[in-house]
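Please keep the view open while going through the points.

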Amino acid sequence: MEQIRYLRQEEKQNTRQMYEAIFSEDSKSFIDYYYQWKTRDNQILVMEDNKGYEVMIHLNPYTVCINGKKAEIPYIVAVATRPDCRRKGKMQQVMKRALQDLQRVQCPFTFLLPADPAYYYGQDFVFSSQHQKNAVKCQSTMNCQKIAEGSDTEKCSNTEKSLNTEKCPNTVMEWNRIPFEDVKHSQMQQAAEIANAILSEQYNVYVQRDAAYYERLLEETASEHGRVLLIKEKEQFAGILAYGGEEPAEIKEFLLFSQYEERRSEICNQVFGIGSWKEEEMRMMIRIADLQSWDGLLKGEPEVLTAVVTDSMVEANNGIWRLEWNPQGGSVTKLADTESVAEAEKIRYMDIAQLTEKLVEKLSIFIQEWV
């Protein structure tokens with residue numbers, strides 16, 4: 001008999017065979033990393049029968065800053081269906097269970113990197129406004145100076161072809177006054193502070209960094225023959241570069257304070273060599289899990305939206321909702337019936353995907369995780 005359930009910690013390793021079979025492009029070293037590090041604190045939701053796992057979804061936890069407030073948000077990865085179970089609606093059932101559970105724990109949204117966007121459109125995921133930077137003028141020089149002086153930016157804020165060490169034998173190397181160095185274990189908290197300062201000045205929504213984040217990232221890039229580098233100029237930090245692969249190097253994340261953005265390609269050419277690197281945009285898809293949890297997160301230009309919302313997968317999101325954006329954080333209110341709506345307000349009819357699009361169009365989002 002089929003059942004949908006979350007695996008116990010000691011059972012998670014049992015999914016590795018399914019992972020290896022379906023995601024055969026991943027190297028053994030990367031899968032070793034994944035099952036050593038990512039399954040420590042993630043959830044794995046499966047559908048199983050007497051033959052084993054039919055479907056699995058991994059929910060990997062991240063702390064995400066949304067307009068200055070923190071929320072625990074799962075990144076959906078390793079979405080897999082056993083070949084003999086495909087095209088039977090089984091994955092849809094498991095995804096529905098995952099979304100309903102996220103709504104119950106008041107999770108605002110979830111996100112994923114789609115292999116097939118068309119499939120996830122059918123589950124009301126939409127592409128995010130990835131990399132559209134905040135229109136507010138950035139105070140890069142000030143933040144860079146604060147980081148150089150050791151300030152704490154832990155809280156959310158709205159303000160191997162590898163390196164050519166034959167040419168540059170020292171730990172810190174320099175071309176055209178742009179030196180860089182490997183992030184060391186003793187620098188993880190400092191790296192997190194730099195990243196959070198860059199992200200908070202440029203984006204409304206981003207994954208919050210801490211020392212543990214960079215501990216995992218160092219292991220992750222190492223599994224792909226890559227590194228994590230601190231970029232400096234004149235003894236001040238300019239940014240952080242993480243990459244994997246050998247030739248060409250695949251840049252996974254490159255965060256720079258705004259005044260250095262025009263030197264992005266130049267820095268990459270200096271580190272890897274001209275034509276020896278690539279940087280591809282990771283276009284994430286997002287879906288509202290719990291609409292009510294957006295209360296207080298709608299910071300922006302004043303606007304009021306009253307809508308009859310339909311959600312075929314999460315019953316609690318259905319109903320008449322009033323959403324108000326304002327500079328203080330806005331509000332989300334579920335109305336009892338149409339009589340609660342003021343005559344001056346026009347009611348719209350939206351499914352949850354359309355409402356998700358409405359929410360994310362007002363946000364500048366940077367979410368670029370591997371797993």
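1. Helices (H or I, at least four residues) and strands (E, at least two) are DSSP runs, numbered from the N terminus. Just after α7, His225 has a positive phi of about 60°. This is a predicted model: local features need pLDDT of at least 70, side-chain atom pairs count only at pLDDT 80 or more, and totals for chains, interfaces and linings use all residues. Residues are numbered from 1 along each chain as its sequence is written, and side-chain values use heavy atoms, with hydrogens and water left out.

2. Start with α7 itself. The helix covers residues 211-223, 13 residues in total. From first C-alpha to last it reaches 19 Å, close to the 18 Å expected at 1.5 Å a residue; the expected span is 1.5 Å times one less than the number of residues. Asp210 caps the N-terminal end of α7, with a side-chain oxygen 3.2 Å from the backbone nitrogen of Ala212.

3. Which residues of α7 are buried? They are Tyr213, Tyr214, Arg216, Leu217, Leu218, Glu220, Thr221 and Ser223. Buried means under 20% relative accessible area, exposed over 50%, and partly exposed in between (1.4 Å probe, protein chains only).

4. Now α6 (residues 188-202). The axes of α6 and α7 come within 8 Å and cross at roughly 105°. Axes are lines fitted to C-alpha atoms, for helices over the stretch in contact, and angles run from 0 to 180 degrees between N-to-C directions. The two helices, α6 and α7, are therefore roughly perpendicular. Angles under 35 degrees count as roughly parallel, over 145 as roughly antiparallel, 65 to 115 as roughly perpendicular and the rest as oblique.

5. At that crossing, Met188, Gln189, Ala191, Ala192 and Ala195 of α6 meet Ala211, Tyr214, Glu215 and Leu218 of α7. The residues of this contact of α6 with α7 comprise 7 nonpolar, 1 polar and 1 charged. Contact means heavy atoms within 4.5 Å. Ala, Val, Leu, Ile, Met, Phe, Trp, Tyr, Cys and Pro count as nonpolar, Asp, Glu, Lys and Arg as charged, and the others, Gly among them, as polar.

6. α2 (residues 28-37) also packs on α7, at an angle of about 160° and with axes 8 Å apart. α2 and α7 are therefore roughly antiparallel. Ser29, Phe30, Tyr33 and Trp37 in α2 meet Glu215, Arg216, Glu219, Glu220 and Ser223 in α7. This contact of α2 with α7 has 3 nonpolar, 2 polar and 4 charged residues.

7. Turn to α9 (residues 352-360). Of its 9 residues, 7 are buried: Ile352, Ala353, Leu355, Thr356, Lys358, Leu359 and Val360. The buried residues of α9 pack against several strands, including β15 (303-310), β16 (319-325) and β18. Asp351 caps the N-terminal end of α9, a side-chain oxygen lying 3.1 Å from the backbone nitrogen of Ala353.

8. Tyr349 lies in strand β18 (residues 347-351). Is Tyr349 buried or exposed? At 63% relative accessibility, Tyr349 counts as exposed. Tyr349 and Val309 are 40 residues apart in sequence, yet 6.2 Å apart in space, C-alpha to C-alpha.

9. Last, Glu48 in strand β2 (residues 43-49). Glu48 is buried, at 12% relative accessible area. The Glu48 side chain makes polar contacts with the side chains of Gln3 (3.0 Å) and Arg5 (2.5 Å). A polar contact is a pair of N or O atoms within 3.5 Å; within protein, one must be able to donate a hydrogen and the other to accept it, and residues adjacent in sequence count only if both atoms are side-chain atoms.
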